[in-house]
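Hello,

Here is the structure I promised to pass on to you. Have a look at it first, and then read on for what turned up when I went through it.

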Amino acid sequence: AALSVGQLEALSTAQIRALDTEDVAALSTTQVAGISTAQVAALTTAQVAALTTAQVQALSNEQLQALSAAQIAAIETEDLVALSTEQLQALGTAQIAALKVTQVAALTTAQVAALEAGDVAALSTAQIVALTTEQVAALTLDQVAVLSTAQVRALETADLAAIATDRIATLSTHQLEALSTAQIVALTTDQVRALSVEQLPGLST
């Protein structure tokens with residue numbers, strides 16, 4: 001970490017990749033913020049995993065966007081949850097889709113609510129299953145509206161029961177038709193009451 005910001009910026013991508021993980025972890029937040037997007041993209045997954053929480057928080061939106069799917073998956077969970085909602089929103093759909101289920105489950109409710117609707121639509125069913133009840137309850141109207149039938153069916157019964165009634169009221173007939181018998185049974189009285197006459201036919205199994 002004895003390198004100056006200028007010296008660090010002058011390193012080639014090959015030289016960046018050659019840095020020991022201990023050296024990467026010892027970089028100051030100023031040094032991390034000063035490296036180029038090309039240098040960020042050159043980091044190995046081991047180097048990304050070695051980044052401290054403060055270093056990850058110091059990454060700019062542009063630097064975060066330069067991370068590959070493999071690099072995103074390598075970010076330690078405690079570092080990922082430390083990202084601001086603005087930083088998380090800067091991530092692309094493919095990057096969000098690359099998150100491991102353990103990473104998804106660790107996201108704060110504020111982070112989940114900040115996800116773009118397109119990012120939520122791109123989540124795999126495994127990632128949907130990984131969402132906690134609190135996270136599902138934090139989903140916005142727009143996020144719930146874009147859930148595919150496969151994603152809706154992947155919701156655990158306790159998670160489905162936690163969705164706010166105003167969100168339930170926006171579910172399409174196709175989304176409701178995707179619900180399993182167990183999911184329909186899990187709907188709360190208030191959720192069923194929130195359904196419109198047009199939505200009710202979708203509950204037939």
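**Ala98 and its surroundings**

Apart from residues within four places in sequence, Ala98 is in contact with Ala69, Ala73, Gln103 and Gln127. Before going further, please keep in mind that this is a predicted model. Ala98 sits in the loop between helix H12 (93-97) and helix H13 (101-106). Is Ala98 buried or exposed? With a relative accessibility of 18%, Ala98 counts as buried, because the cut-off for that class is under 20%.

**The overall picture**

Stepping back, the protein has 24 helices and zero strands. Its C-alpha trace spans about 65 × 20 × 20 Å along the principal axes. Of the contacts in the protein with a separation of 6 or more, 82% are between residues 24 or more positions apart. Buried residues make up 40% of the 205 residues. The accessible surface comes to about 9,000 Å², and carbon and sulfur atoms account for 56% of that surface.

**The core**

In soluble globular proteins, nonpolar side chains tend to be buried together. Here, the largest nonpolar core has 49 residues. Which of them touch the most other members? They are Leu88, Ile96, Leu99, Ile128, Leu155, Leu179 and Leu203. Helix H9 (69-74) and helix H19 (149-154) are the elements that give two or more residues to this core.

Leaving out neighbours within four places in sequence, Leu99 is in contact with Ile72, Leu80, Val104, Leu107 and Gln127.

**A buried glutamine**

Next, please look at Gln143, which is found in helix H18 (residues 141-145). How accessible is Gln143? Its relative accessible area is 1%, so Gln143 is buried. What does Gln143 contact, leaving aside its neighbours within four places in sequence? The partners are Val112, Ala113, Ala114, Leu115, Val120 and Ala138.

**Charges and salt bridges**

The protein has 5 positive and 19 negative side chains. The centres of these two sets lie 10 Å apart. The count of salt bridges comes to two.

- Arg167 and Asp166 meet through their side chains, at 2.8 Å from N to O. Arg167 counts as buried at 19% relative accessibility, whereas Asp166 counts as partly exposed at 35%.
- Arg193 pairs with Asp190, and their closest N and O atoms are 3.8 Å apart. Because they are three residues apart in helix H24 (residues 189-194), about one helical turn separates Arg193 and Asp190. Arg193 is exposed, with a relative accessible area of 65%, while Asp190 counts as partly exposed at 48%.

When you open the file, you could begin with the loop that holds Ala98, go on to Leu99 in the core, then to Gln143 in helix H18, and finish with Arg193 and Asp190.

I would be glad to hear what you make of it.

Best wishes

Technical notes:
Residues numbered from 1 in each chain as written. Predicted model: local features only at pLDDT ≥ 70, side-chain atom pairs only at ≥ 80, totals over all residues. Heavy atoms only, no water. Core = buried A, V, L, I, M, F, W, Y, C linked by side-chain atoms within 4.5 Å. Buried < 20%, exposed > 50% of the residue type's maximum accessible area, 1.4 Å probe, protein only. Helix = DSSP H or I, 4+ residues; strand = E, 2+ residues; numbered from the N terminus. Contact = heavy atoms within 4.5 Å. Areas by Shrake-Rupley, 256 points an atom, 1.4 Å probe, with all protein chains shown as cover. Lys, Arg positive; Asp, Glu negative; His and termini not counted. Charge placed at Lys NZ, Arg CZ, Asp CG, Glu CD. Salt bridge = Lys/Arg side-chain N within 4 Å of Asp/Glu carboxyl O.
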